[in-house]
Amino acid sequence: MEKKILLVFVLAFIPTILGRNATTGTIVVDVTTTIAETDENFVCLTLDIWPHDECRWSKLCVWDGHASMLNLDLTLPIINKAVQAFKSVRIRVGGTLQDKLIYNVGAGFEGTCHPFQATKGSLFDFSVGCLYMERWDDLNNFFNNTGAIVTFGLNALLGKYKTQGIQWEGNWNYSNAEALIQYTVENNYQINSWEFGNELAGLNSIGASVTAAQYAKDVIKLREIIDRLYSNSQQKPMIVAPGAFFDEKWYGEFLRKTGPGVVDVLTHHIYNMGAGDDPKLIYRFVNSTYLSQVSNTFEHLENVIQKNAPWGAAWVGEAGGAYQGGSPHISYTFINSFWYLDQLGMASMYNTKVYCRQTLIGGFYGVIKSSTLLPTPDYYGALLFHRLMGPRVLKIDNNVSSDLRSYAHCSRGRTGVTLLFINLSNTTDFIIDVENNINLSSGKRNASKGQRMKIDSLREEYHLTPKDGLVRSSTVLLNGNPLETTKEGDIPNLLPVYRQSNSSIHIAGWSIAFIVVPHFVAPACN
């Protein structure tokens with residue numbers, strides 16, 4: 001029988017703590033092998049393209065506040081410092097109106113495009129908009145100064161025409177995109193990947209739909225352009241597509257028609273929590289069964305890639321939890337972190353390489369709230385995930401409770417294992433005793449806990465809880481201390497508490513915890 005080295009968490013039912021039940025059981029992390037691997041820069045944030053006066057709901061403008069890539073003040077200290085805190089974070093620039101965006105460069109386009117205007121009856125009820133090269137220069141300076149790794153979404157509808165329903169046909173007019181890419185190369189702007197189109201694929205297309213065959217033909221043309229324009233460059237950008245809601249049949253056909261050497265990354269979008277104005281929305285955030293349903297999408301996309309494009313990678317190109325710009329009452333509060341951090345953990349288990357959160361700023365779901373310019377609880381959760389959870393993903397068996405969501409990765413940049421716990425219950429705490437069973441492989445099964453672990457070794461704990469215990473609070477506490485930026489926009493230090501590695505871990509009700517166990521050298525993490 002193959003010997004396995006396991007990191008075991010032992011729990012048992014014990015009396016009520018602080019008015020709550022305390023539940024126990026056993027959680028096992030298999031550290032003999034990894035089950036998946038993410039990109040080094042797994043966490044990604046987005047910048048959308050909506051004009052500031054886009055008003056989706058009566059008397060409520062979702063994008064008011066100049067919070068899109070077209071009008072965001074890129075000199076704001078909080079925006080720069082929030083991105084710089086990651087040291088390197090992916091930013092995906094794109095969204096619904098990218099397929100109506102003209103670039104003010106190239107023959108026939110320079111000097112002819114204008115800002116978006118509300119136009120009833122037009123696609124998305126907006127006219128064609130304009131990206132001026134002065135703004136493109138400013139954006140690239142911002143990306144360079146903050147260390148952002150950039151994916152830019154190209155207009156895939158230019159040259160096409162509407163036929164029936166939401167179907168659009170015709171070959172892509174690539175001349176404007178080619179001029180933008182040429183300008184980008186000439187100015188030595190570092191674009192990591194070019195994405196083609198936004199939500200134009202399959203049964204769940206939004207506003208406009210293009211067949212898989214036509215999409216493949218257009219992307220092949222984009223590959224020719226990139227290969228030619230970057231022929232003298234040391235690094236060639238990736239092609240990312242289709243940036244849509246997953247449709248298994250459409251994605252499969254698209255991959256078969258493009259073949260190898262064309263598309264590097266398959267992106268899909270997720271808004272599985274429901275509409276932002278749904279009164280039942282909040283209950284889904286603490287429903288473990290509901291949160292798990294999206295795993296089917298991750299699994300099916302992974303299977304499609306393995307079958308049709310084993311050279312390719314899966315990304316979540318856009319995910320905001322609730323659609324319609326997010327929820328004005330939930331998306332910036334602590335409870336929103338339940339679905340977000342849970343989905344980061346879940347996506348990583350299915351070899352999702354990158355996960356792009358909608359948005360950095362803009363809408364109600366921005367991790368920087370546009371009306372206050374303050375980081376939300378989700379921002380700090382994303383930053384901790386980025387800093388602590390390494391690319392290698394470990395298998396974890398949790399039979400304790402469906403309310404205790406749990407994920408395990410090799411620690412980032414050091415030895416050991418980092419665990420993410422999300423307690424969806426407000427009535428139950430979990431008390432966890434950590435056993436290091438590394439000696440199982442050498443037959444020391446009956447060794448005491450003190451013998452199996454270094455008694456003087458310490459682990460790090462990062463416990464996130466809402467202010468005053470209110471899950472709709474927009475203030476998050478780290479180990480009991482509120483996380484607040486300075487007047488200069490500096491991000492606070494995210495400091496752990498240290499515990500003896502052989503002491504119990506307390507996961508409070510309605511809380512999130514990152515637990516770093518650095519003394520444990522897992523063979524799968526070497």
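**Entry 1: two cis peptides**

I began at Thr-359, which sits in the loop between β18 (352-357) and β19 (368-369). I went there for its backbone: the peptide bond from Gln-358 to Thr-359 is cis, with omega near 5°. I am working with a predicted model, so I keep in mind that every value here is computed from it.

Next I looked up another cis peptide bond, which joins Ala-241 and Pro-242 with omega at about -5°. Pro-242 belongs to strand β13 (residues 238-244), whereas Thr-359 is in a loop.

**Entry 2: positive phi**

I then turned to phi angles. Asp-468 is not a glycine, yet its phi is positive, about 60°. I found Asp-468 in the loop between β25 (458-466) and β26 (476-478). Is Asp-468 buried or exposed? Its relative accessible area is 65%, and the cut-off for exposed is over 50%, so Asp-468 counts as exposed.

At 23% relative accessibility I note Trp-510 as partly exposed, because buried would need a value under 20%.

I picked Thr-376 to see what surrounds a loop residue. Thr-376 lies between β20 (374-375) and α10 (377-388). With a relative accessibility of 2%, Thr-376 is buried. Which residues does Thr-376 touch, once those up to four places away in sequence are set aside? I wrote down Tyr-332, Gly-366, Val-367 and Lys-369.

Trp-315 was my next stop, and I found it in strand β16 (residues 313-319). Its relative accessible area is 4%, so Trp-315 is buried. I also checked Trp-315 against Phe-246: the two are 69 residues apart along the chain, and their C-alpha atoms are separated by 11 Å.

**Entry 3: nonpolar cores**

I moved on to the nonpolar cores. The largest has 133 residues, and Trp-136, Phe-254 and Phe-514 touch the most other members. Helix α4 (residues 212-229) gives the most to this core, with 8 residues.

I looked at Trp-136 in more detail. Leaving out neighbours within four places in sequence, I listed its contacts, among them Leu-131, Phe-152, Leu-180 and Ile-191. Tyr-183, Thr-184, Tyr-189 and Trp-194 are also in contact with Trp-136.

There is a second, separate core of 23 residues, and I noted that it includes Leu-394, Leu-419, Phe-430 and Cys-525.

**Entry 4: the whole protein**

I finished with the overall picture. I count 11 helices and 30 strands in the protein. Does its radius of gyration agree or disagree with that of a compact globule? For 526 residues the globule value would be near 24 Å, and the protein has 24 Å, so the two agree. Along the principal axes, the C-alpha atoms fill a box of roughly 75 × 55 × 40 Å.

Of the 526 residues, 59% are buried. Among contacts with a separation of 6 or more, I see that 74% are between residues 24 or more positions apart. The accessible surface comes to about 21000 Å², and carbon and sulfur atoms hold 49% of it.

The protein has 44 positive and 47 negative charges, and their mean positions are 5 Å apart.

Note on methods: Residues are numbered from 1 along each chain as its sequence is written. This is a predicted model: local features need pLDDT of at least 70, side-chain atom pairs count only at pLDDT 80 or more; totals for chains, interfaces and linings use all residues. Side-chain values use heavy atoms; hydrogens and water are left out. Helices (H or I, at least four residues) and strands (E, at least two) are DSSP runs, numbered from the N terminus. The radius of gyration is taken over C-alpha atoms; the globule rule is 2.2 Å times the number of residues to the power 0.38. Buried means under 20% relative accessible area, exposed over 50%, partly exposed in between (1.4 Å probe, protein chains only). Contact means heavy atoms within 4.5 Å. Accessible areas come from the Shrake-Rupley method with a 1.4 Å probe; for residues, only the protein chains shown count as cover. Lys and Arg count as positive and Asp and Glu as negative; His and the chain ends are not counted. The place of a charge is taken as NZ of Lys, CZ of Arg, CG of Asp or CD of Glu. A nonpolar core is a set of buried Ala, Val, Leu, Ile, Met, Phe, Trp, Tyr and Cys residues joined through side-chain atoms within 4.5 Å.
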